[in-house]
Amino acid sequence: MKFQNSKVAIEISGLKKTYGTTHVLQGIDLKIQRGSFFGLLGPNGAGKTTTIHIICGLTLASGGRVQIFGKDHLTHYREARRAIGLSGQEYNLDRFFPLHKSLTYHGRLFGIPKLKLKNQIEKLLHQFGLHEHRNHKTHKLSGGLKRRMMMVKALLHDPEILILDEPTAGVDVELRIDLWNFLRKFNQEGKTIILTTHYLEEAENLCQEIAILSKGKIAICDTKENVIQQAKGNLMNYFITEKQSEGFNA
Amino acid sequence: MLDRFPPHWIGFLSLVHREVARFMAYKSMTVFPPILTTILYIVVFGFSLGGRIQEIHTFSYIEFIIPGLVLMSVIMSAFNHSSGSIFMSKYDYSIQDVLLSPLSYFQMVMAFTLGGIIRGVLVGLLVLASGCILAHLTPHSISFTLLFLILTAQIFSSFGIWVGLWSERWDQQAFFMNFFLMPMIFLGGVFYAVNMLPPVWQFVNHLNPVYYMVSGIRYGMLNFQEVSPWTSLWIVLLSGFTLMSITIVLFRMGYKLKS
Ligand SMILES: Nc1ncnc2c1ncn2[C@@H]1O[C@H](COP(=O)(O)OP(=O)(O)O)[C@@H](O)[C@H]1O
Ligand SMILES: [Mg+2]
């Protein structure tokens with residue numbers, strides 16, 4: 001990869017997003033270091049998905065800018081999109097083809113050479129316990145298997161930055177633990193991971209750095225230890241105040 | 001061998017390939033029905049009713065309408081493909097995978113357009129072959145006919161992309177088909193020669209781009225000219241270019257793709 005010279009994976013400055021008269025993001029600044037495991041938390045409707053979609057270029061910002069490894073993510077869209085793998089909050093699986101075929105098209109979109117792609121697909125299907133379903137279409141999969149498929153898709157082009165939007169929502173405990181182990185290992189390989197989650201223990205368990213998004217602003221952004229300390233030992237405190245005012249549903 | 005292309009062109013070809021695989025997986029819904037419909041048209045209008053209709057410029061009625069039927073099948077196949085494909089992938093969010101890939105918006109649009117062109121031309125050629133066999137017709141100029149098939153397919157594939165982006169519900173697509181496309185096709189001279197019409201309608205006909213596509217194909221297949229084939233060619237090229245530019249701009253803007 002050609003990103004060696006930038007230590008910052010993602011830099012967001014002054015990011016704004018407005019829908020009609022709703023100011024979802026009101027000027028967000030974030031700096032996510034290469035190789036960090038970063039948690040983006042906040043109550044429902046805080047704007048986590050919006051932020052992630054703007055980073056990935058799926059939503060247009062109303063102001064501010066995003067740099068991926070030091071380069072504007074829209075001007076240098078090819079590099080930016082190659083650098084990022086997204087597993088979104090909503091399933092977005094192709095319903096036409098069996099898993100392995102749909103993954104082949106997906107991988108070829110990133111220009112991965114045929115043989116390498118074939119091996120990569122085999123490896124990931126095994127790793128995520130989807131190999132026996134390789135000839136099934138996605139609508140035949142259970143919710144948990146669909147989640148795994150979302151992960152495989154995000155990882156297929158071996159991105160430097162993995163972005164996971166609520167990856168364990170509605171997933172059984174076993175898969176959650178498997179996924180946690182996988183993510184730790186992936187992070188140890190030097191990859192950057194950004195995670196949004198409703199499960200606070202997930203963030204406490206995995207992330208090194210945590211930002212909390214609230215009412216369109218970053219309420220706090222620090223190392224996990226500092227964030228927990230400021231929250232008097234329990235991250236939930238941030239949400240409890242939110243819960244009273246806007247109805248937080250985990 | 002493909003692996004020698006630059007990565008983003010591999011991606012482009014993969015997207016075209018996927019588009020073709022999508023309709024080929026449902027051949028019985030996407031390729032065969034237009035052929036059956038055409039055969040029915042030829043049997044009903046050509047062989048039974050057509051005998052009671054006078055020759056049009058030395059051509060029997062059936063010969064005269066075959067180019068129109070070919071054109072109609074190209075238009076519907078190309079349009080249905082692109083509008084359906086874009087709409088579906090918006091509906092199940094799989095369009096996000098395309099938007100997240102390193103392809104440029106130009107490449108994305110071109111790949112979707114090509115998918116529609118390939119389906120339109122494939123169906124058009126099959127309809128043309130069945131028509132020619134049933135009516136013992138030999139096309140006057142294969143290359144001119146093919147050129148018009150491709151250009152017509154491009155126009156309606158691009159148009160389909162536009163409608164696919166614009167529509168938010170299935171019935172909006174059907175609405176477009178029934179209240180816009182069908183009248184445009186039927187009033188474009190698929191089933192008649194324009195000089196059979198009263199002057200006012202002749203004028204209206206000349207404003208309909210479909211008329212120039214029909215004329216072009218009729219020239220290619222029958223060597224029949226109401227307007228110069230070169231005039232038709234220019235008008236068709238211009239329409240195609242305009243529509244394609246619009247779709248590229250819409251993709252760049254993220255029109256109904258990005259909130
Ligand atoms: N396309 C949209 N149009 C209007 N409002 C939207 C749209 N997408 C999201 N929102 C609003 O933006 C806010 C943030 O949403 P989101 O980013 O999904 O929050 P989170 O992921 O933190 O739960 C919500 O109030 C939501 O209603
Ligand atoms: Mg969300």
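Author: Happy to; here is a tour of the meeting place of the chains, with a stop at the ligand along the way.

Please keep in mind that this is a predicted model. Let us begin with the contact itself. On one side, 34 residues of chain B take part, and they are in contact with 31 residues of chain A. Together the two chains bury about 3100 Å² between them, and carbon and sulfur atoms give 56% of that area. Three residues stand out here: B:Leu100, B:Pro102 and B:Ser259 supply 22% of the area that chain B buries against chain A, more than any other three residues.

Now for the charged pairs. Side chains of opposite charge can pair when their charged atoms come close. Over all chains the count comes to 14 salt bridges, and four salt bridges are found across the interface of chain B and chain A. In one of them, A:Arg95 pairs with B:Asp92, with the closest N and O atoms 3.2 Å apart. A:Arg95 sits in the loop between strand 6 (84-87) and helix 3 (99-109) of chain A, while B:Asp92 sits in the loop between helix 4 and helix 5 of chain B, so this pair joins two chains. Another salt bridge brings together the side chains of B:Asp97 and A:Lys153, at 2.7 Å from N to O.

As for the side of chain B that touches chain A, helix 1 (7-24), helix 4 (61-91), helix 5 (95-99) and helix 6 (105-135) of chain B each supply at least two residues. Helix 1 of chain B gives the largest share, ten residues. By type, this side of chain B divides into 18 nonpolar, ten polar and six charged residues.

Next comes the ligand. Ligand 1 lies between chains A and B. Around ligand 1 you will find A:Tyr19, A:Val24, A:Pro43, A:Asn44, A:Gly45, A:Ala46, A:Gly47, A:Lys48, A:Thr49 and A:Thr50, along with B:Ser259. The shell around ligand 1 is made up of four nonpolar residues, six polar and one charged. Helix 1 (residues 48-56) of chain A gives the most to this shell, with three residues.

Finally, look at the oxygen atoms of ligand 1. A polar side-chain atom of A:Thr49 lies 2.7 Å from a ligand oxygen. A backbone N or O atom of A:Gly47 is 2.9 Å from an oxygen atom of ligand 1, and a polar backbone atom of A:Ala46 is 3.2 Å from one. Taken alone, ligand 1 exposes 560 Å², and the protein buries 60% of that.

Technical notes
Residues are numbered from 1 along each chain as its sequence is written. Chains are lettered from A and ligands numbered from 1 in the order in which they are written. This is a predicted model: local features need pLDDT of at least 70, side-chain atom pairs count only at pLDDT 80 or more; totals for chains, interfaces and linings use all residues. Side-chain values use heavy atoms; hydrogens and water are left out. A residue is near a molecule or strand if one of its heavy atoms lies within 4 Å of it. A polar contact is a pair of N or O atoms within 3.5 Å; within protein, one must be able to donate a hydrogen and the other to accept it, and residues adjacent in sequence count only if both atoms are side-chain atoms. Accessible areas come from the Shrake-Rupley method with a 1.4 Å probe; for residues, only the protein chains shown count as cover. Helices (H or I, at least four residues) and strands (E, at least two) are DSSP runs, numbered from the N terminus. Ala, Val, Leu, Ile, Met, Phe, Trp, Tyr, Cys and Pro count as nonpolar, Asp, Glu, Lys and Arg as charged, and the others, Gly among them, as polar. Contact means heavy atoms within 4.5 Å. Buried area is the accessible area (1.4 Å probe) that two parts lose on being put together, summed over both.
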